[in-house]
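Reader: I'd like to go through this one by asking where the labels come from. Could you take me through it?

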Amino acid sequence: MDLTPQQKQEIEDSRAARSQTRRATVPALEEILYEAIPVLDHGFVRTIDYMGDDAAIVQAARVSYGKGTKKVSDDAGLINYLLRHRHTTPFEMCEIKYHIKVPIFIARQWIRHRTANVNEYSARYSVLDREFYIPEASQLAMQSTQNHQGRGALLEGEEAQRVLEILKEDATRNYDHYVEMLNEDPNGDIIDQDRSGLARELARMNLTLNAYTQWYWKIDLHNLLHFLSLRADRHAQYEIRVYADAMLETVKRWVPIAYEAFLQYRIGGVDLSASALSIVRKMLSGEPVTQEDSGMSKREWRELMATLGREE
Ligand SMILES: Cc1cc2nc3c(=O)[nH]c(=O)nc-3n(C[C@H](O)[C@H](O)[C@H](O)COP(=O)(O)OP(=O)(O)OC[C@H]3O[C@@H](n4cnc5c(N)ncnc54)[C@H](O)[C@@H]3O)c2cc1C
């Protein structure tokens with residue numbers, strides 16, 4: 001992740017400024033406010049602003065005139081109860097705003113989450129940076145044979161080398177053509193006075209999907225936790241999971257009690273279907289159970305056994 005000296009200065013200036021407020025603030029999150037947490041080779045997550053804290057969840061749940069909080073253990077008990085029973089609206093009282101820099105092919109997955117407010121960097125108005133996501137060798141994997149949406153074993157040797165070459169060559173060539181069509185260098189200076197240059201809104205169509213875009217992304221805590229439960233999951237694509245992991249760290253600082261409840265009931269917990277529950281009950285009472293008698297498909301059975309740590 002390379003920030004320009006000007007961008008670094010703007011972050012430092014924001015971090016140096018102080019405001020007085022009667023609103024609740026969270027020191028652990030204030031500590032990293034505006035800082036860019038690096039993700040992938042050129043991406044980042046920056047927390048720009050937030051509203052509320054653990055106490056705001058409790059306050060809303062109790063519809064209190066004051067802070068609404070009691071002992072920390074009572075508050076934790078209430079937040080656990082709310083999350084466990086999907087009483088979600090108190091979590092919507094907290095909001096957070098991020099500045100994200102992300103490759104376009106991941107932004108496409110990200111934007112499917114419709115409950116955030118998004119403002120994307122306009123490549124109709126500005127020229128995109130010459131930055132492309134090139135996976136590390138440890139991420140260059142072949143298509144999984146078991147999961148149509150996943151990765152299998154790593155590519156090796158010459159094949160891996162060639163893939164990296166293609167990714168770099170194509171991204172660089174397309175970016176060079178983008179600049180040529182724009183007839184404008186990254187400083188905004190005209191390259192060839194005899195050419196008019198193509199409009200930015202058209203020239204951008206030639207960029208590769210590993211070019212980086214940026215957006216401001218604001219969301220309430222309930223919907224953020226939904227996003228994180230899908231995207232910090234081990235089945236999520238690595239390139240979005242690393243963003244979700246970085247955001248989880250900000251949630252841990254911001255609302256530590258809600259974060260622990262989220263790990264307990266969402267990330268670390270599972271939902272069981274009626275059939276799965278009946279199988280677990282049979283297992284507990286020592287009755288024999290097999291996939292054939294379970295009424296489950298082989299895949300669902302495998303998933304259940306993996307969840308229960310009973311893989312054969
Ligand atoms: C592992 C994985 C694989 C995926 N594969 C594919 C794929 O192959 N193809 C594909 O197209 N997508 C795919 N997706 C995207 C997925 O289908 C969802 O679009 C995405 O995860 C956003 O989920 P969401 O709608 O719950 O989130 P959000 O848009 O954030 O919505 C949150 C919740 O709000 C409610 N909501 C929001 N908008 C509406 C609405 N208009 N109507 C009704 N309820 C609404 C719903 O309850 C929803 O769960 C995949 C996602 C994952 C995690």
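Reader: What does the accessible surface of the protein come to, and what share belongs to carbon and sulfur atoms?
Author: Bear in mind that this is a predicted model. The accessible surface comes to about 19200 Å², and 48% of that belongs to carbon and sulfur atoms. As for extent, the C-alpha atoms fill a box of roughly 80 × 60 × 30 Å along the principal axes. The secondary structure comes to 13 helices and seven strands.

Reader: How many residues does the protein have, and what percentage of them is buried?
Author: There are 312 residues, and buried ones make up 37% of them. On the contact side, take pairs at least 6 apart in sequence: 67% of those contacts join residues at least 24 apart.

Reader: Why is Q291 called buried?
Author: Its relative accessible area is 16%, and buried means under 20%, so Q291 falls on the buried side. Q291 is found in helix α12, residues 291-294. Beyond its neighbours within four places in sequence, Q291 is in contact with M296, S297, K298 and W301.

Reader: And what makes Y34 partly exposed?
Author: Y34 has a relative accessible area of 22%. Y34 is found in the loop between α2 (27-30) and β1 (36-39), and its phi is near 75°, a positive value in a residue other than glycine.

Reader: Which class does N183 fall in, buried or exposed?
Author: Buried: the relative accessible area of N183 is 2%, and the cut-off is under 20%. N183 also has a positive phi, near 60°, in a residue other than glycine. N183 is found in the loop between α6 (157-182) and α7 (200-203).

Reader: Why is α3 said to be roughly perpendicular to α4?
Author: The two pack at an angle of about 70°, with their axes 10 Å apart. Roughly perpendicular covers 65 to 115 degrees, so that angle makes α3 roughly perpendicular to α4.

Reader: What does helix α10 pack against?
Author: In α10, residues 256-267, the buried residues are I257, A258, Y259, A261 and F262. The buried residues of α10 pack against α3 (54-61), α4 (72-84), α8 (221-231) and α9.

Reader: Which residues touch the most other members of the largest nonpolar core?
Author: W110, W217, L221, L224 and W254 do, in a core of 51 residues. Helix α9, residues 238-254, supplies the largest share of this core, with nine residues. As for L221, leave aside its neighbours within four places in sequence, and L221 is in contact with I57, F91, C94, W254, V255 and A258.

Reader: How many residues make up the second, separate core?
Author: Eleven, including L128, Y178, V179 and A203. Membership takes buried residues joined through side-chain atoms within 4.5 Å.

Key
Residues are numbered from 1 along each chain as its sequence is written. Side-chain values use heavy atoms; hydrogens and water are left out. Buried means under 20% relative accessible area, exposed over 50%, partly exposed in between (1.4 Å probe, protein chains only). Helices (H or I, at least four residues) and strands (E, at least two) are DSSP runs, numbered from the N terminus. Contact means heavy atoms within 4.5 Å. Axes are lines fitted to C-alpha atoms, for helices over the stretch in contact, and angles run from 0 to 180 degrees between N-to-C directions. Angles under 35 degrees count as roughly parallel, over 145 as roughly antiparallel, 65 to 115 as roughly perpendicular and the rest as oblique. Accessible areas come from the Shrake-Rupley method with a 1.4 Å probe; for residues, only the protein chains shown count as cover.
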